[in-house]
Amino acid sequence: MNPSTVKSILFYSQILGKEMGINVYLPQGYVPKCPLPVLYFLHGRSGDETVLLNLEINKTADKMIAQNKISPLIIVCPRMEN
């Protein structure tokens, strides 16, 4: 079974006119095109998308999924410049 992963993605926002970052947590065993709930994790005013890894949200999600406290889900943390 595939381990969980966090993908760091850069994309160009035509609306903002610049490149933006996003981190996406994919749970263990994730299969593309298989529907899962999505949690949008928005960082605080002075943060960015790296808060997902800095706070080890991916490890917490892995642990909670393994303990059946939550169902597998995707977590998306976009960069939100203030």
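**Strand partners and cover**

Author: Let's start with a pair: asparagine 23 has cysteine 77 in S4 as its bridge partner. This is a predicted model, where local features need pLDDT of at least 70, side-chain atom pairs count only at pLDDT 80 or more, and totals for chains, interfaces and linings use all residues. Residues are numbered from 1 along each chain as its sequence is written, and side-chain values use heavy atoms, with hydrogens and water left out.

Reader: How many bridges join S2 to S4?

Author: Strands (E, at least two residues) are DSSP runs, numbered from the N terminus, as are helices (H or I, at least four). Two of them pair if DSSP finds at least two bridges between them. Here S2 and strand S4 (residues 74-78) run antiparallel, joined by 4 bridges. S2 also runs antiparallel to strand S1 (residues 5-13), with 9 bridges. Serine 13 sits opposite lysine 18 in S2. The S1–S2 hairpin has 4 residues between its strands, and glycine 17 in that turn has a positive phi of about 70 degrees.

Reader: Is asparagine 58 buried or exposed?

Author: Buried means under 20% relative accessible area, exposed over 50%, and partly exposed in between (1.4 Å probe, protein chains only). Asparagine 58 counts as buried because its relative accessibility is 14%. You'll find asparagine 58 in helix H2 (residues 57-66). S2 (residues 18-26) is mostly covered too, with 7 of its 9 residues buried.

Reader: And why does tyrosine 40 count as exposed?

Author: Tyrosine 40 has 56% relative accessibility, so it counts as exposed. Tyrosine 40 belongs to strand S3 (residues 38-40).
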